[in-house]
Amino acid sequence: MFVRVPWRYPRFFVNLEVFHIGKLEHQLNEEIRDKEVRVIGADGAQLGIMSAADAQRLAYEKDLDLVKIAPNATPPVCKIMDYGKFRFEQLKKEKEAKKNQRVVEIKEVRMSPNIDTNDFNVKLKNAQKFLKEGNRVKVTVRFRGREMAHTSIGEVLLKQFGEQCAEVATVEKNPKLDGRHMTMFLSPKAAK
């Protein structure tokens, strides 16, 4: 985007473009410009400290790439490897790790301090169902108007809720008053 500077300077333009620098991967072959590097062979053996040009020549002889793997070391560490194969295996591992991970959601159960017994039991069953699915549960008691004078009722209610869920959950954070809401966190027990 170009911005025109005020009329007094009609020939000047200011360039306000932002260039994003991508995530730097490894430096390869000719990109390595260090004087000396520590070289590791394709089989994992230490080849010693040599100039970057010698290390590149050694990699070309083996028809492989010279890859800088530890740029902050003194001298930098480079490895002779097939970089295409290395990237493929790395992406494969990342994909596998992503497939195996599970996102834990936080489900919320809201109550009021003067909740009826049957409503309490319904909320309890829902929370237990969420916990059995492996999600964390945030139990909230909301105080309105004059109910703020009786916050101890909400605390007793939350402690009772935690005791009822004790077989499937542990109390992660005890009841805490935050403004007009008192919250408690439950997390599922680890499967044996």
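Contact here means heavy atoms within 4.5 Å. Helices (H or I, at least four residues) and strands (E, at least two) are DSSP runs, numbered from the N terminus. The model is predicted: local features need pLDDT of at least 70, side-chain atom pairs count only at pLDDT 80 or more, and totals for chains, interfaces and linings use all residues. Residues are numbered from 1 along each chain as its sequence is written, and side-chain values use heavy atoms, without hydrogens and water.

**Sheet**
- An open sheet of mixed pairing is formed by four strands in the order E8-E9-E11-E10; two strands pair if DSSP finds at least two bridges between them.
- Strands E8 (106-111) and E10 (169-178) are at the edges with a single partner strand each, so one side of each has no neighbour in the sheet.
- E8 pairs with E9 (residues 136-142) in the parallel sense over six bridges, and Lys-138 in E9 is the bridge partner of Glu-108.

**Helix H4**
- H4 (residues 151-164) lies across E8, E9, E10 and E11, at about 10 degrees to E11; axes are lines fitted to C-alpha atoms, for helices over the stretch in contact, and angles run from 0 to 180 degrees between N-to-C directions.
- Gly-154, Leu-157, Leu-158, Phe-161 and Gly-162 of H4 are buried (under 20% relative accessible area; exposed is over 50%, partly exposed in between; 1.4 Å probe, protein chains only).
- The buried residues of H4 pack against E8, H3, E9, E10 and E11.
- Val-156 and Glu-163 are exposed on the face of H4 turned away from its buried side.
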